[in-house]
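Please open the model in your viewer and keep the sequence panel beside it. The stops below can be selected one after another.

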Amino acid sequence: MMTTLDIDTVQAFLLVAELQGFTRAAEALGTTQAAVSMKLQRLETLLGKRLVERSPRAVRLTADGSAFLHHARALMEAHDRALSGERPARQRLTLGISDHAAGPELVPLLERLHAMASRLALAVTIGFSREVLDGYDAGEFDAVIVRQEGSRRGGEKLAEDEFGWFATKRFVWRRGDALPLASLAPPCGVRAQVVRALDKAGITWTEGFVGGGVTAVAAAALAGLAVAPLARRIAPPGLIDIGPAHNLPRLGASKVMLHSKVGDPAKLAALRTLAATFRSVAAAA
């Protein structure tokens with residue numbers, strides 16, 4: 001008797017493999033962890049093979065699961081082509097991402113979005129949270145990932161970051177001297193928060209480095225030019241938080257939020273994958 005693979009179960013397997021967990025896969029599919037687990041069990045029963053190893057801390061593919069992964073992706077690509085035709089008109093998903101929110105999640109975000117939503121053309125803009133939100137309000141973006149603005153309501157929380165004062169071990173600053181600061185240019189919200197904290201603490205500061213992106217700011221800190229206020233999640237190796245040692249003011253936490261206004265099923269599915277991926281990578285950072 002011929003057996004037939006179910007597209008929904010194959011999609012669930014792919015998400016579990018890509019996101020390395022049932023909880024994140026369930027978030028991406030908009031369903032429950034139990035429902036995803038049942039789909040995987042049905043697929044394993046149908047194939048007569050164990051595809052994943054489950055443990056309290058992680059989900060890993062077995063050798064059979066790794067071998068099936070290639071075929072599963074090919075099947076989903078063929079399925080998408082069958083639905084849309086050989087040359088489908090690709091929809092565009094426009095994303096705006098705050099530079100201070102992107103961090104190490106950006107690469108896996110784009111990888112998994114491409115893998116799980118190959119029919120969508122991605123257009124990604126990196127910028128200041130305020131400017132990205134203004135573009136979103138003006139209809140320039142389908143969705144944005146930004147740091148929470150004080151007056152902004154709504155959105156979906158993706159992560160909560162603790163900020164610190166990051167510099168190299170060889171960085172020297174004597175209390176009483178102006179603190180050389182590496183930051184983005186105005187209107188960066190993180191910069192504004194840092195300046196307020198320093199002024200309130202009565203600490204004199206100076207522009208040690210002004211960068212056009214967080215990568216440049218981190219590079220300046222790594223080069224020993226200045227101290228950079230960064231989220232712990234995105235601070236690169238080689239930098240340490242010197243705040244406690246120098247009695248610098250606490251910068252507190254900042255939420256990373258997803259705002260979206262899409263109704264198309266393909267775009268909604270892509271955004272669910274995006275949100276699950278961001279949480280997965282941020283939790284592991």
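Residues are numbered from 1 along each chain as its sequence is written, and side-chain values use heavy atoms, with hydrogens and water left out.

**Confidence.** Colour the chain by pLDDT, the predictor's confidence in each residue, from 0 to 100. The chain has a mean of 85, and 92% of its residues reach 70 or more. Helices (H or I, at least four residues) and strands (E, at least two) are DSSP runs, numbered from the N terminus. Select residues 106-116 to see helix α6, whose mean pLDDT of 74 is the lowest among the elements of the chain, and then residues 240-241 for strand β10, which has the highest, 96. Where pLDDT is low, the predicted coordinates should not be read in detail.

**A helix pair.** Next select residues 22-29 (α2) and 33-47 (α3), whose axes come within 8 Å and cross at roughly 105 degrees; axes are lines fitted to C-alpha atoms, for helices over the stretch in contact, and angles run from 0 to 180 degrees between N-to-C directions. The two helices α2 and α3 are therefore roughly perpendicular, a term for angles of 65 to 115 degrees. Show side chains for F22, T23, A25, A26 and L29 of α2 and for Q33, V36, S37 and L40 of α3, which make the contact (heavy atoms within 4.5 Å).

**The cavity.** A search of the whole structure finds one cavity of 30 Å³ or more, a cavity being a set of points on a 1 Å grid over the protein atoms alone where a 1.4 Å probe fits but cannot get out. Select H100, A182, S183, L184, V190, V214, V217 and P229, which line the largest cavity; lining residues have an atom within 4 Å of a point. Strand β7 (179-184) and helix α9 (214-222) each give two or more residues to this lining, and β7 gives the most, with three.

**Two backbone details.** Move to the loop between β7 and α8 (189-201), where P187 is placed; the peptide bond from P186 to P187 is cis, with omega near 15 degrees. Finish at N247, in the loop between β10 and β11 (253-260), where phi is near 55 degrees, a positive value in a residue other than glycine.

Terms used: This is a predicted model: local features need pLDDT of at least 70, side-chain atom pairs count only at pLDDT 80 or more; totals for chains, interfaces and linings use all residues. On a 1 Å grid over the protein atoms alone, a cavity is a set of points where a 1.4 Å probe fits but cannot get out, and a pocket is an open set with protein on both sides within 12 Å along at least five of seven lines; lining residues have an atom within 4 Å of a point. Grid points are joined across faces, edges and corners, and a volume is the space filled by probe spheres set on the points. Angles under 35 degrees count as roughly parallel, over 145 as roughly antiparallel, 65 to 115 as roughly perpendicular and the rest as oblique.
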